[in-house]
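Q: Hey, can we go through this one together? I'd like to start with a single residue and then zoom out.

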Amino acid sequence: MTQAPTLTAEQAGEMTHRQVLEALSGLLLAMFVAMLSSTIVSNALPTIVDDLQGSQTGYTWVVVATMLAMTATTPIWGKFADLFDKKLLVQTALVIFSIGSLIAGFAPSMEVLIGARVVQGLGVGGLTALVQVVIATMVSPRERGRYSGYIGAVFALATVSGPLVGGVLVDTVGWRWCFFAGLPVAALAFVVLQKTLRLPVVKREVSIDYLGAFLLVGGVSILLVWVSLGGQNFDWISWTSGLLVAGSIAIIAAAIHVEANVAKDPVIPLHLFKDRTLTLATVASVLIGVAMFGSTVYLSLYFQRAKDMSPTEAGLMSICMVGGLLVSSIVSGRIITATGLWKRWLVGGMVAVIVGIALLATIDASTPLWHTGIFMAVLGLGLGATMQNLVLAVQNTIALSDMGAGSSVVAFFRSLGGSVGIAALGAVLAHQVADAVKVGLGKLVAEQPAYADAVSHSTGGIPDLSTLPEPIRAIFESAYGDATGHIFLAALPFAVAALIAVLFIKEVPLRTSVKRDDELMAEVTPQA
């Protein structure tokens, strides 16, 4: 009677609260540097492109390269976490990220910078996938709510501070320091993890699915190239578009065949999808990715183009959404730990997401900023109660031996949905802005022919509004304001569909050990 609890605790790999906090400090530093890598560069991109004499295509690829590498490799990092030493993997991802940051900081041309961003993306993909897996290995699902507030705080800090720090660095010491700035944090994370992270190393036969990994990365990369560059570098309906889609489908189909029938230890074990919770959470993750990332990424453009705010001011507006996210992630996490009930928070969070997106669908150029801030806070409250708890629901049902693959599947599909959403809703935004500007400029020239010479700006581009005459500037501001509301309206059905998927997820009581009962029994039985 007295021996069983001790044995279970050891097998579950449980740690004391202090040990968890010490190890979590290194993990959160790693997560912070991964998030900061994208937000800190956002305000610096125009300066970088000008300095390196790049083009609009180069501008696009600086963003796409990191996203592509991160998304495509997330499942592979997750699978590696089930096979190898997790601490070593996190440290490896930090080293890869640091190498990419150094190359980017010293980049002499756009081509080198884009290559460096790919290397950065490989590291970011590892950090994004592995941090959640390591936390799941240290802390039982029931106790994880105690620590979700820390994760929310890091997310908030990186989201808010990134654009501000990036803007200051560009204005003072130069854009190259946007890449160098993360290096000390990465080094500190490496050292802290080395001293504090103690995880049991599970000895198991290692069989790496090289063919499945190659096909998965290839198929997803081609798909992301299509959704990222379609409508800009080539028409959506074109031979190039058709070849990319056909190639992506064929390679992903081959990857599924390999994973199901050939691979001994597949990158994405398809048996995981027999679990209803994981399947529905995956569907919800794709839809949330489309709705959330696809719409909110353009809020900064709305503030700068429709409200004539500076990049720094636009960055500060994100505090509204991040603040809501932080509050709800802390509150929901604490209450879930106390009660063990999580589904009501998942459903309530999705309802708040729908309400927030619906409210943001009403904004235009004349909407008061405080209205928009409240709408963003509502959306943030919903996202804080949804994103972490969706991962929690999955980690609560899958075995510890599949924790890496299962957790990374959710992250992978959320990123994939976000990439598709950003591209698709970006195309909607560009099309509506172009049409509205064309109509508006036509009316202006008809009514005031004196402006005919000034109407020389591309209707599909993103002009510097400060250089435009007041009547033309008003046309662009109105166009961006109306179009931003419309893309939230387009995102709304995806949020509703995500809620439907969440409603069908079955609530399973949160387990109080890191491992499932069947795993614990399998280890105890041979010793009996």
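Q: Okay, is threonine 337 buried or exposed?
A: Threonine 337 is buried, with a relative accessible area of 13%. Buried means under 20% relative accessible area, exposed over 50%, and partly exposed in between (1.4 Å probe, protein chains only). Keep in mind that this is a predicted model, where local features need pLDDT of at least 70, side-chain atom pairs count only at pLDDT 80 or more, and totals for chains, interfaces and linings use all residues. Residues are numbered from 1 along each chain as its sequence is written, and side-chain values use heavy atoms, with hydrogens and water left out.

Q: Which residues does threonine 337 touch?
A: Leaving out residues up to four places away in sequence, threonine 337 touches Arg142, Glu143, Arg144, Gly145 and Arg146. Touching is a contact, meaning heavy atoms within 4.5 Å. Threonine 337 itself sits in helix α14 (residues 311–339).

Q: How many helices and strands are there?
A: The chain has 19 helices and zero strands. Those are DSSP runs numbered from the N terminus: helices are H or I with at least four residues, strands E with at least two.

Q: New topic: what's the mean pLDDT of the chain?
A: The mean is 79, and 86% of the residues reach 70 or more. pLDDT is the predictor's confidence in each residue, from 0 to 100.

Q: And which element has the lowest mean pLDDT?
A: That's helix α1 (residues 3–12), at 42, while helix α15 (residues 343–360) has the highest, 92. Over residues 1–13 the pLDDT is below 50, and beyond near neighbours in sequence this stretch has 16 contacts in the model.

Q: Which residues touch the most other members of the largest nonpolar core?
A: Ile48, Leu113, Met138 and Ile357 do, out of 150 residues in that core. A nonpolar core is a set of buried Ala, Val, Leu, Ile, Met, Phe, Trp, Tyr and Cys residues joined through side-chain atoms within 4.5 Å.

Q: What does isoleucine 357 touch?
A: Not counting residues up to four places away in sequence, its partners are Ala291, Leu379, Phe488, Ala491, Leu492 and Ala495.

Q: What about isoleucine 99, where is it?
A: Isoleucine 99 is in helix α5. It counts as partly exposed because its relative accessibility is 43%.

Q: Last one: what share of the chain do buried residues make up?
A: Buried residues make up 55% of the 528 residues in the chain.
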